[in-house]
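User: I'm new to this one and would like a close look at a single part of it. Could you walk me through that part slowly, and then show me what sits around it?

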Amino acid sequence: MSNETMTVFSPRLAARFDALVEKYPVKRSALIPMLLYAQDEIGYLSDSVIAEVADRIGITELEVRNVATYYSMLRFKPVGKYNVQVCTNISCMLSGAYELYERFQQELGIGPKGVTADGAFSLEEVECIGACCWGPAIQVNYDFLDELTPELVPGILESYRRKARTEGTVSHA
Amino acid sequence: MPRLVSHPDEVKIVTRRFGQGAAQIDRYIELGGYEAAKKCLEQGPDWIINELKASNLRGRGGAGFPTGMKWSFVPKQSAKPKYVLVNGDESEPGTCKDHLIFLHDPHAVIEGTIIAGLAIGAKIGFIYLRGEYRYLLEIMEKAVADAYAKGFLGKNIFGSDTEFEVITQTGAGAYEVGEESALMESLEGKRGVPRIKPPFPAVVGLYGGPTVINNAETIATVPHVIEMGSAAYAAAGSARNGGTRLFCISGHVQRPGVYELPMGYNLKRMIYEVAGGIRVGRSLKAVVPGGSSTPVLLPEEIENLGMDFDQVGKAGSMLGSGGVVVIDDHTCIVEFALRTISFYQHESCGWCIPCREGTDWLKKSLTRFHAGFGEAKDIDNIQYLAENMMGRTFCPLGDAAAMPTLGFVKKFRKEFEDHLNGKPCPFAKHVDLAVV
């Protein structure tokens, strides 16, 4: 990037990008990991993130959007600090995933794809997360939680609230 | 942390280092690790491929293609660089075996990748994990860094003049990327849409170079085949189906889990003995034998069914990815069929029209049917639609959506008929009316 002041990447993210592009025979192979890592830091793929990734890879913003819209983990608006993803696919469904999902909705007071008023949590139903033998399972951001029951939901949410309090509002950067 | 299970009938080959701290490289070496790669380095490509052929190891991703034969298709001379690509985009519902391999034995994946590279003459191997497996990617990244530090990867592997690099890669959420050509597209930084074949990846693959693509379990099995010898490995399984495989038993069983059993192991025994049988007070209604894309089997069909690629194929289904989903008699099959097709509708990349439109209409029909607004002709229409998706798409996702749907309609036609005339299903719980 020619103008350093335009960057939305933190120095850590910029360094990670530089290391990533070195890895591959072709620079563009860094695109998908880069989008995901940028999202991890910034929260979602904002217009400025897309512009910067396009610039750093050397492709158009349209090309970046064309790729980014394909992948279900990439998003274009913010979610809660803790994004609760409940797998309801067949194995988890048979072990009670929908009952679990309903309990999360009740406890959080939000519906599918909702975000709590304080921005702490968001909730969504997701496809198979690869924890079929330990269902029903969820992911909170990247954490796997398995063999769950609806009764465990309040405790899970409380542990993340506590985590948010200890971590405060420290930026991920 | 995923629970590890055990049963006396298990034959622990691929899982033998699970739960023993083998993610640490020194522990892996202590348990015999990297000896197979060193042996392969001495023996050379022809020997490796012959060993793999003789082992009867078949691809664990689902198709069951013989691994040694796949490797032998890669041209010896190539103007473009050759690549090894490890498919860890594990996304087939019911399948969670690679999850445990990456967690407990990441070096087996690296060692298998090195051996594949030696066999085909590649200098670079990619290990691609689905984006949701971030904690496993971090485990893999550490394992790769440790292997470099020991000199097992790099310009001069194991002190030889052979070069081999390993690069880890994350996906970002896409079932379709588990298809080999879509996986290559994704690794090239593009949308994960499939490529038309031929040319096959062995000739024109990643970045246009000859590429071998194997499932993570297949690759993790390779060092064990070398270590124990192809004859011993082949003997552990059934005819033309070498060794063991990781069966992921989930759903309505007492002891769900990933069990390593010999190829050809009886499915009924797998459910009733290994996984402890059906939940108390319930009985078996149906089994999905190899991940959500494989046609359902009835209790009477599993009596004498050996779980290998050939026997399950002969029974009208597929061994697939090893995801055995057990369904009890308190389950609505129409609802199960709807949840299955909803997944494929969500994951269809939209490249081929029969799949894009077919999955959408199947979901709409099943949703309406399940909500009690179905008509008798819908049952035939669902079947007609599914039959016309089969074999008409670039990649197998269209088939993967159509096959299980056909199975449910054919084998549980009465249950579909019972939903007619506004009759509610006694077990229905989740009906999404929004799209009716």
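Which residues have the most contacts inside the largest nonpolar core?

Analyst: Happy to. Keep in mind that this is a predicted model. The largest nonpolar core has 176 residues, and those with the most contacts inside it are A:Leu35, B:Leu85, B:Ile115, B:Met270 and B:Val287. Helix 6 of chain B, residues 106–120, gives the most to this core, with nine residues. Chain A takes part too: its domain 1 (11–68) and domain 2 (82–167) both give residues to the core, so the core lies between them. As background, nonpolar side chains in soluble globular proteins tend to be buried together.

Let's start with A:Leu35. Leaving aside residues up to four places away in sequence, A:Leu35 touches A:Leu45, A:Val53, A:Ala68, A:Leu74 and B:Ala172. One of those partners, B:Ala172, belongs to chain B, which brings us to where the chains meet. The contact takes 36 residues from chain A and 52 residues from chain B. On the chain A side, the elements giving two or more residues are helix 2 (31–42), helix 4 (61–68) and helix 5 (90–94). Helix 2 of chain A gives the most to that side, with five residues.

A few words on chain A as a whole. Chain A has seven helices and four strands, and from the N terminus on they run α-α-α-α-β-α-α-β-β-β-α. The C-alpha atoms fill a box of roughly 55 × 35 × 25 Å along the principal axes, and the C-alpha centres of domain 1 and domain 2 of chain A lie 29 Å apart. Of the 173 residues of chain A, 40% count as buried. If you look at contacts in chain A between residues at least 6 apart in sequence, 61% join residues at least 24 apart. A:Pro136 lies in the loop between strand 2 (121–126) and strand 3 (138–140) of chain A.

Now over to B:Met270, another of the core residues with the most contacts. B:Met270 is in helix 11 of chain B (residues 267–274), whose buried residues are B:Leu267, B:Met270, B:Ile271 and B:Val274. Seen down the axis of helix 11 of chain B, those buried residues fall within an arc of 120°, so they line one face of the helix. The general rule behind this is that an α-helix has 3.6 residues a turn, so residues three or four places apart point the same way. What do they pack against? The partners are strand 5 (244–251), strand 6 (257–262), strand 7 (265–266), strand 8 (284–288), strand 9 (306–307) and strand 10 (323–328) of chain B. Just after helix 11 of chain B, B:Gly276 takes a positive phi of about 80°.

Next comes a sheet in chain B. Four strands form an open sheet in the order 3-2-1-4, with parallel pairing. Its edges are strand 3 (165–170) and strand 4 (211–215) of chain B, each pairing on one side only. From one strand to the next, the twist averages 20°. Strand 1 of chain B (residues 83–88) pairs with strand 4 of chain B over five bridges, and B:Asn87 stands opposite B:Asn215 in strand 4 of chain B. Two helices pack on this sheet. Helix 7 of chain B (residues 134–149) touches strand 2 (124–129) and strand 3 of chain B, and its direction makes about 165° with that of strand 3. Helix 8 of chain B (residues 180–187) touches strand 1, strand 2, strand 3 and strand 4 of chain B, and its direction makes about 105° with that of strand 1.

The loops of chain B are worth a glance as well. In general, most residues other than glycine have a negative phi, and most peptide bonds are trans. B:Phe158, in the loop between helix 7 and strand 3 of chain B, has a positive phi near 50°; B:Phe158 is partly exposed, with 17 other C-beta atoms within 10 Å. B:Arg240 has a positive phi as well, near 60°, and lies in the loop between helix 10 (230–235) and strand 5 of chain B. The peptide bond from B:Lys197 to B:Pro198 is cis, with omega near -5°, and B:Pro198 is in the loop between helix 8 and strand 4 of chain B.

Conventions:
Residues are numbered from 1 along each chain as its sequence is written. Chains are lettered from A and ligands numbered from 1 in the order in which they are written. This is a predicted model: local features need pLDDT of at least 70, side-chain atom pairs count only at pLDDT 80 or more; totals for chains, interfaces and linings use all residues. A residue is buried if 20 or more other C-beta atoms lie within 10 Å of its own, exposed if 12 or fewer, and partly exposed in between; C-beta atoms are placed from the backbone. The arc is that of the directions from the helix axis to the C-beta atoms. Two residues are in contact if their C-beta atoms, placed from the backbone, lie within 7 Å. Two strands pair if DSSP finds at least two bridges between them. Axes are lines fitted to C-alpha atoms, for helices over the stretch in contact, and angles run from 0 to 180 degrees between N-to-C directions. Domain bounds come from an automatic or database domain assignment. A nonpolar core is a set of buried Ala, Val, Leu, Ile, Met, Phe, Trp, Tyr and Cys residues joined through C-beta atoms within 7 Å.
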